[in-house]
Amino acid sequence: MSLKILLTEIIGYLLFLGFVNIENPVVVIIYVCGAALAFFGLLWCRRAAWDQLKEEFRHNLGQATVIAFGLALSFPFLLAGNAYWLQVINLALLYAVMALGLNFMTGRAGLVCLGYAAFVAIGAYVVGILTLKAGLSFWPALLLAGLIASLFGILLGLPALRVKGHYLALVTIAFGLIIQELLLNMEGLTGGTNGLINIPSPSILGHDLGSPLNLGFIQFPFQANFYYLNLAILALSVWAIYKLSHSFFGLSLNAMREDQLAAQCYGLNLTLFKLLAFAAGAFFGGIVGGVYAGMINFIAPENFGFQQSTLVLSMIIFGGLDSIPGAVLGAIFLTVFPEKFRAFEDFRLLFYGIVIVACLRFMPEGVLPFKHRIFNPKSQNQEGEHGTAECQGPDNSLRRPGCGR
């Protein structure tokens, strides 16, 4: 185990806990400014050490992920059962899964989507309708929510095949508005403006996740149940997106994003790959919607508006397009950060905007940008010896094709 990675993640975790536990907003501002100044001061003085640390994380990404999830398991214990912050973190984890799905669609495949909240709405209403009106249990309904959202992703992809850029963004906005209007007007099925209430919570091994979690020596509010469920879903989503991104399918989406004509000349079926990218990205949105319905027990069309879509898009741009850790970090930061400034009412949006503009000014590719694959064909003699070409990693070492970043 890398000691550098372990210490870095423990320090980051403790700083995050300190941020969450400070109640006074003025102290929060001082805390954030102090942490930012200390970080950039160290970066200025020890640039070489920072670069080495980044390389350490890059080459031990799996180990860093396991340590991060291990630390995250202790979060409810260290919060002493604070229901409010557990709920905020639950929303942050769900946003992280949404950001991963949208990032796969927009960051990796280059398909701009400004109506992503529609897939979340579809997943939420599928679970709500199937559990309330059809009597289906939560887990098969959740799987159907992801699959039906994927089908709607393919339906969105069909008209989107003929457009790109700004026109594709407009098509996805229209898709989001259509879904919201359908939810409002199909009152017999969706409840219209009143939405659906009393959606049953899921249960695991007979334990209702909507009831408190009793471990014998300590009792947590019900939000702790969903915290561990959402953490598990996020871990599975990270694993699935990582595998997809580092497969031939993910590499083909990268090629399609960079130059569609060149990708087509190499024999890629753009129609098929675009539809699959929409379907894969929408699946994660449907799953998030289903979990959200079971956690909140109430859904209404205004929960899935255009603002939610732009919020998720800002998360992946803030974290870094096509970057898996960037999407997770952006979602958690942009969900948790505004909550500390609720005392400032509308001015908290001002702080929110200042932070985003400042970060993108100094880090235009996001906080944790994606490292592009670099293809480095060998000379003819080397090809003769090894019979293949290889790609170059970020540390200038040579790797086999498909080896990733």
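## Close-up views of a predicted model

**View 1. E9, a buried residue of helix α1.** E9 counts as buried because its relative accessibility is 14%, where buried means under 20% relative accessible area (1.4 Å probe, protein chains only). This residue is found in helix α1; helices here are DSSP runs (H or I, at least four residues), numbered from the N terminus. Leaving aside residues up to four places away in sequence, E9 touches F57, A64, I67, A68 and L71, with contact meaning heavy atoms within 4.5 Å.

This is a predicted model, where local features need pLDDT of at least 70, side-chain atom pairs count only at pLDDT 80 or more, and totals for chains, interfaces and linings use all residues. Residues are numbered from 1 along each chain as its sequence is written, and side-chain values use heavy atoms, with hydrogens and water left out.

**View 2. Helix α1 packed with helix α2.** Here α1 (residues 3–21) meets α2 (residues 25–45) at an angle of about 160°, and their axes are 10 Å apart. That angle makes α1 roughly antiparallel to α2, a label for angles over 145 degrees. Look for L14, L15, G18 and F19 of α1, which make the contact with V28, Y31 and V32 of α2.

View 3. Helix α15 (residues 306–319) has 14 residues and reaches 20 Å from first C-alpha to last, close to the 20 Å expected at 1.5 Å a residue; the expected span is 1.5 Å times one less than the number of residues. Among its buried residues are V312, L313, I316 and F318. Just after α15, you will find G320 with a positive phi of about 125°.

Terms used:
Helices (H or I, at least four residues) and strands (E, at least two) are DSSP runs, numbered from the N terminus. Buried means under 20% relative accessible area, exposed over 50%, partly exposed in between (1.4 Å probe, protein chains only). Axes are lines fitted to C-alpha atoms, for helices over the stretch in contact, and angles run from 0 to 180 degrees between N-to-C directions. Angles under 35 degrees count as roughly parallel, over 145 as roughly antiparallel, 65 to 115 as roughly perpendicular and the rest as oblique.
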